[in-house]
Each structure stands twice: as structure tokens, then as C-alpha cells.
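I wrote down each thing I looked up and what I found.

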Amino acid sequence: MKIALTGATGQFGSIVAETLLKTVPAENIIASVRNPEKAEKLKAQGVDVRHGDFDQPETLDAAFAGVERLLIISADGDNDTRIRQHKAAVDAAVRAGVGFIIYTSVGDADNSSLFLAPVHRATEEFIRESGIPYAFLRNNWYLENEVGSIQAVKAGAPWLTSAEDGKVGWATRSDYAQAAAAVLAAEGRENVIYELSGKPLTQAELAAVVGEVLGQEVNVQQVDDATYAKIMAGAGVPEAALPIVVAIQGAIRDGALNIESSDLEKLLNRPLTPLSEGVRQLLA
């Protein structure tokens with residue numbers, strides 16, 4: 001069985017590839033990458049590295065040729081660009097006769113108020129309309145997204161938030177990626193949705209975990225959105241990104257990431273990596 005993944009040299013995809021190589025023969029793994037020269041390590045291990053660029057749909061036909069199970073890792077960029085790129089990938093999968101698509105989506109994509117949810121809703125619909133059997137991996141939130149706050153706390157700053165008591169199902173990127181590898185390598189059920197999430201915690205609860213790791217008390221500073229934006233601007237967040245970081249806080253406040261699910265543990269067949277360990281790794 002030939003299995004393939006896009007974005008194999010990215011932060012998420014590289015973990016997926018590394019995980020697959022532990023249980024799947026390298027000759028059965030296809031890595032579709034924008035820049036093949038960055039995938040020399042995978043090629044040296046026997047992985048079939050192919051040029052596949054979402055902005056050059058003609059490259060995807062060859063990249064996906066002979067693939068039975070395909071993991072499409074969501075691209076980076078603005079929403080319109082990502083929707084266009086994802087549509088190109090799904091269309092290419094149809095042309096190549098791919099038998100199964102796994103897609104990294106976002107928690108509760110159908111109803112989420114997160115700024116990036118429209119990308120995932122659209123992509124899920126493209127895949128459904130394609131007629132190809134699928135699995136949607138609705139990832140909650142990476143602990144790594146909080147590295148800026150964690151580093152600021154280490155430097156003596158308070159944990160700043162406007163999310164109030166909104167909860168987030170944080171888990172490490174590695175856990176999410178290993179779950180994706182598990183679904184890609186297995187036969188899997190058709191047309192299934194996995195809500196992948198850690199135990200939902202408030203900002204204050206995560207700050208307490210960080211404080212425990214650092215051995216210091218962490219002051220949680222709750223502010224309104226306008227104040228949050230002002231402080232973030234002062235901390236160096238680009239002006240164009242300010243509406244996004246504020247919108248994330250608002251979505252958390254509204255419960256967009258407060259999702260209870262054991263799907264992630266079940267796919268991993270083990271307990272999730274403790275957040276304290278994830279924080280230690282980020283601080284290393």
C-alpha cells in the first residue's frame with residue numbers, strides 16, 4: 001500500500017514522516033514537497049520524494065500517482081490562498097485516483113468561530129464532494145502556539161490574555177502528528193471525523209502548569225481585547241497580525257476550543273504527553 005503526505009518537510013509533516021518510518025517500509029512512503037532539495041534526509045532513508053506544489057497543480061498529478069492513502073496537511077497563508085491550494089490538492093487527488101484522503105482540520109470545524117475555520121469548512125466540503133472516502137483530523141490547538149507567552153513568563157512578565165475563562169484543548173504538535181501518522185498507516189474506517197483534543201483548560205490553568213515547570217508563581221493578567229492588542233503591539237506583534245491574535249482570544253472566550261474528546265488518546269493508544277513535559281521541551 002502506497003501512502004503519501006504533503007508538507008513532509010514542515011514542522012508537522014516531518015514528525016508524521018519520522019513516525020511512519022518506524023512502522024512502514026520506506027519504499028511505501030511518498031513525500032510530496034514543494035522543495036525536494038529540503039527532503040534529502042527522507043530520500044536517503046528510502047522515501048519516494050516527489051515535487052508537489054499546491055500553487056502548481058500540474059505537479060500534484062505526478063506527486064499523487066499510485067497513492068492509495070493521502071494525508072493533506074493544511075497549508076499556510078491567508079484564508080483565500082489556502083482554500084485555493086486545498087481545492088487544487090483535492091482535485092489532483094481525484095485525477096490521480098487516490099483511494100482515501102486524511103485532512104488536518106480544526107476542532108468543531110462546522111461551527112467554530114475561529115478565524116481559520118472557514119478554510120477547514122471549505123476544504124472538508126471539497127473532500128466530501130470529491131466522493132473519495134475520508135478521515136478528518138480536527139486538531140484543537142498546539143501547545144507550541146503559546147511559546148511566546150511561555151517565554152514571556154520565563155522573563156518575568158505576567159500571562160496576558162483576554163480569553164477570560166474560555167478553555168482550550170492544548171496538546172503537543174508531536175501528539176497530533178503521531179495521531180495523523182497512525183490514521184495514515186492504518187486501513188481505517190471510511191468517512192470518519194476525529195475530534196482531537198487534550199483536556200480543556202483555562203488560560204490560568206495552563207499558566208499554573210508553566211509556573212510549576214519554572215518553579216515560580218505566574219500572575220495571570222486578564223484584559224479587554226483593546227488592551228490586549230495594545231500590549232501585543234508593544235511586544236512586537238506586527239500590526240497586520242493584531243486582528244488575528246485578538247480574534248483567537250475572542251474565539252477561546254466564546255468556547256470555540258472547549259472540546260471534550262478522547263479521540264486523540266485512542267488514536268495514539270497511550271496517554272497524551274503531559275503539558276508540563278511539552279512546556280519543558282519548549283523552554284529547552
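**Entry 1: an aromatic cluster**

Is tyrosine 176 buried or exposed? I looked it up: tyrosine 176 has 0% relative accessibility, so it counts as buried. Buried means under 20% relative accessible area, exposed means over 50%, and partly exposed is in between, with a 1.4 Å probe and protein chains only.

Before going on, I noted that this is a predicted model, in which local features need pLDDT of at least 70 and side-chain atom pairs count only at pLDDT 80 or more, while totals for chains, interfaces and linings use all residues. Residues are numbered from 1 along each chain as its sequence is written, and side-chain values use heavy atoms, with hydrogens and water left out.

I then listed the aromatic pairs and found three in the structure. Rings of Phe, Tyr and Trp (its six-membered ring) pair if their centres lie within 6.5 Å; planes under 30 degrees apart count as stacked, over 60 as edge-to-face and the rest as tilted. The ring centres of phenylalanine 12 and tyrosine 142 are 6.2 Å apart and the planes are at 15 degrees, so this pair is stacked. Phenylalanine 12 is in helix α1 and tyrosine 142 in strand β7 (residues 141-142), so the pair ties together parts 130 residues apart in sequence. Helices (H or I, at least four residues) and strands (E, at least two) are DSSP runs, numbered from the N terminus. I checked burial for both residues, and phenylalanine 12 and tyrosine 142 are buried.

Tyrosine 142 also pairs with tyrosine 176, in a tilted arrangement with 5.4 Å from centre to centre and 45 degrees between the planes. Tyrosine 176 sits in helix α7 and tyrosine 142 in strand β7, so this pair ties together parts 34 residues apart in sequence. I recorded Phe12, Tyr142 and Tyr176 as a cluster linked by ring pairs.

**Entry 2: the cores**

I looked up the largest nonpolar core, which has 38 residues; Leu5, Val16 and Leu20 have the most contacts inside it. A nonpolar core is a set of buried Ala, Val, Leu, Ile, Met, Phe, Trp, Tyr and Cys residues joined through side-chain atoms within 4.5 Å. Helix α7 gives the most to this core, with seven residues. Domain 1 (3-139) and domain 2 (140-172 + 196-259 + 270-283) both contribute, so the core lies between them. The domain bounds come from an automatic or database domain assignment.

For leucine 20 I listed the contacts (heavy atoms within 4.5 Å). Leaving out residues up to four places away in sequence, leucine 20 touches Ile3, Leu5, Ile29, Ala181, Leu184 and Ala185. I also found a second, separate core of 27 residues, which includes Trp170, Ala207, Ile248 and Val279.

**Entry 3: helix α4**

Which residues of α4 are buried? I found Arg82, Gln85, His86, Ala88, Ala89, Val90, Ala92 and Ala93. The elements covering them include α3 (57-63), β4 (69-72), β5 (100-106) and α5 (117-130). At the start of α4, a side-chain oxygen of aspartate 78 comes within 3.1 Å of the backbone nitrogen of aspartate 80. After α4 comes glycine 97, with a positive phi near 75 degrees.

I noted aspartate 108, a residue other than glycine with a positive phi, near 50 degrees. Aspartate 108 lies in the loop between β5 and α5. Asparagine 191 is also a residue other than glycine with a positive phi, near 55 degrees. Its loop runs between α7 and β11.

Methods: A polar contact is a pair of N or O atoms within 3.5 Å; within protein, one must be able to donate a hydrogen and the other to accept it, and residues adjacent in sequence count only if both atoms are side-chain atoms.
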